[in-house]
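Please look over the sequence and the model displayed here before reading on.

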Amino acid sequence: MVAKGIQLIEAENMRAEGLPSLAIGDAVKVHQKIKEGDKERIQVFSGSVIAMNSGGARESFTVRRVSHGVGVEKVFPLHSPHIARVEVERSSHVRRAKLYYLRELVGKKARLKEKAREPRSKKKA
Amino acid sequence: MRGLIGRKLGMTQVYDQDGVRIPVTVIEAGACVVVQRKTRERDGYDAIQLGFEDCRERSLTKPAAGRFRKTGASFKRRLREFRLEDGDENLKPGDAATVEIFQGVSHVDVIGMTKGRGFAGLIKRHNMGGGFMTHGGHSKRRVGSIGQCSFPARVIKGQRMPGRMGNVRRTQQNLKLVGLRPENNLLLVQGAVPGPQGGIVLVRKACKKKDKVS
């Protein structure tokens with residue numbers, strides 16, 4: 001059980017809005033604010049969400065992409081003020097909560113099947 | 001007032017103004033109440049005794065309950081003394097002590113009982129390496145040699161061996177005070193503090209970082 005006092009502190013540190021509704025297997029573009037001296041710029045990291053870790057304000061998600069033949073994974077804290085925006089480009093049909101098996105696969109095998117879009121009305125019911 | 005009695009609620013993370021994550025321990029400190037004011041004339045030293053956490057009268061012994069009765073204060077489960085600080089001279093029983101006393105304080109010390117590990121072996125208790133796990137190792141986690149032979153013909157004092165570990169009073173000094181929430185009696189302290197979640201801790205203004213104000 002999480003103590004009330006902790007829930008309170010975590011609520012303060014959670015972002016109220018601008019949070020994307022992510023799902024495992026989503027192809028995303030994460031816009032990350034990066035500070036260099038006084039200047040701030042935005043860096044985009046695109047890849048697929050292979051894991052999500054819940055836990056109040058400590059919630060995080062892992063994005064994997066293959067860059068120049070090398071697998072790169074980044075773990076983003078969901079509520080971090082450094083995350084400007086997360087775009088969801090595609091959703092995939094996946095059967096696991098953690099897609100760590102993608103690490104072993106290369107090329108065509110490492111693809112995820114795109115999810116057939118559900119009708120809006122059905123989703124709500 | 002130098003410090004307060006509190007309860008460790010657990011750890012979480014907060015973001016500072018630069019968006020950097022800081023690991024913090026949340027401590028519910030107070031609200032405490034002054035139970036007794038010890039004076040040099042009567043007790044030989046100056047101190048205030050604080051009480052924390054209400055309890056029923058029948059969970060106290062009669063002499064203990066009588067102390068609260070005398071001042072008309074509510075019954076408290078935990079009592080701790082703190083030496084007097086400048087400005088404390090006029091405190092009297094019944095006065096409240098809240099986290100407001102840490103207003104403007106940059107660092108604190110946190111005292112608590114560490115988690116008990118029971119009878120622990122060398123590897124856990126003294127960070128020793130242990131023996132080989134493979135190649136027929138027969139002293140995998142066991143005590144190895146504890147000394148030489150005919151000289152000195154005894155075991156040197158202080159030789160580290162298995163035994164009871166934890167459940168001792170420890171002080172973590174100079175922890176940065178990240179935040180205060182007076183409305184909920186909460187303190188946010190950077191880093192870990194001794195003891196389990198829900199354990200009783202003492203929080204006091206840092207002894208060794210008095211002059212620095214954040």
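This is a predicted model: local features need pLDDT of at least 70, side-chain atom pairs count only at pLDDT 80 or more; totals for chains, interfaces and linings use all residues.

The C-alpha trace of chain A spans about 45 × 45 × 30 Å along its principal axes. Of the 125 residues in chain A, 33% are buried, where buried stands for a relative accessible area under 20%. When the contacts in chain A with a separation of 6 or more are considered, 51% of them are accounted for by residues 24 or more positions apart. The accessible surface of chain A amounts to about 8,600 Å², and carbon and sulfur atoms make up 49% of that surface.

We turn next to the contact between the two chains. Chain A contributes 16 residues to this contact and chain B contributes 15 residues. The area buried between chain A and chain B is about 1,300 Å², with 60% of it coming from carbon and sulfur atoms. Within the share that chain A buries against chain B, Ile6(A), Ile9(A) and Asn13(A) supply 35%, which is more than any other three residues supply. Side chains of opposite charge can pair when their charged atoms come close. Between chain A and chain B the count is one salt bridge, and here Arg181(B) pairs with Glu12(A), with the closest N and O atoms 2.6 Å apart.

In chain A, the side chains of Lys29(A) and Glu89(A) form a salt bridge with an N to O distance of 3.8 Å. Because Lys29(A) belongs to strand S1 (residues 27-36) and Glu89(A) to strand S5 (residues 83-90) of chain A, this pair ties together parts that are 60 residues apart in sequence. Lys29(A) is partly exposed, its relative accessible area being 29%, and Glu89(A) is also partly exposed, at 42% relative accessibility. Elsewhere in chain A, a network of salt bridges links Arg64(A), Glu73(A) and Arg103(A).

In chain B, which residues does Glu53(B) pair with through salt bridges? One partner is Arg7(B), whose side chain meets that of Glu53(B) at 2.5 Å, N to O. Since Arg7(B) lies in strand S1 (residues 3-15) and Glu53(B) in strand S4 (residues 47-54) of chain B, the pair connects parts that are 46 residues apart in sequence. Another partner is Arg78(B), whose salt bridge with Glu53(B) has an N to O distance of 3.3 Å. Arg78(B) is placed in strand S5 (residues 76-83) of chain B while Glu53(B) is in strand S4, so this second pair ties together parts that are 25 residues apart in sequence. Glu53(B) is partly exposed, with a relative accessible area of 22%, and Arg78(B) likewise counts as partly exposed, at 28% relative accessibility.

The remaining points concern the backbone. Where in chain A does His68(A) lie? His68(A) is found in the loop between strand S3 (60-67) and strand S4 (70-77) of chain A, and its phi is near 50°, a positive value in a residue other than glycine. With a relative accessible area of 82%, His68(A) is exposed.

In chain B, Asn127(B) has a positive phi of about 55° although it is not a glycine, and Asn127(B) is exposed, with a relative accessible area of 68%. Asn127(B) lies in the loop between H3 and S9 of chain B. Pro152(B) is located in the loop between helix H3 (122-126) and strand S9 (163-165) of chain B, where a cis peptide bond joins Phe151(B) and Pro152(B), with omega about 5°.

Methods: Residues are numbered from 1 along each chain as its sequence is written. Chains are lettered from A and ligands numbered from 1 in the order in which they are written. Side-chain values use heavy atoms; hydrogens and water are left out. Buried means under 20% relative accessible area, exposed over 50%, partly exposed in between (1.4 Å probe, protein chains only). Contact means heavy atoms within 4.5 Å. Accessible areas come from the Shrake-Rupley method with a 1.4 Å probe; for residues, only the protein chains shown count as cover. Buried area is the accessible area (1.4 Å probe) that two parts lose on being put together, summed over both. A salt bridge is a side-chain nitrogen of Lys or Arg within 4 Å of a carboxyl oxygen of Asp or Glu. Helices (H or I, at least four residues) and strands (E, at least two) are DSSP runs, numbered from the N terminus.
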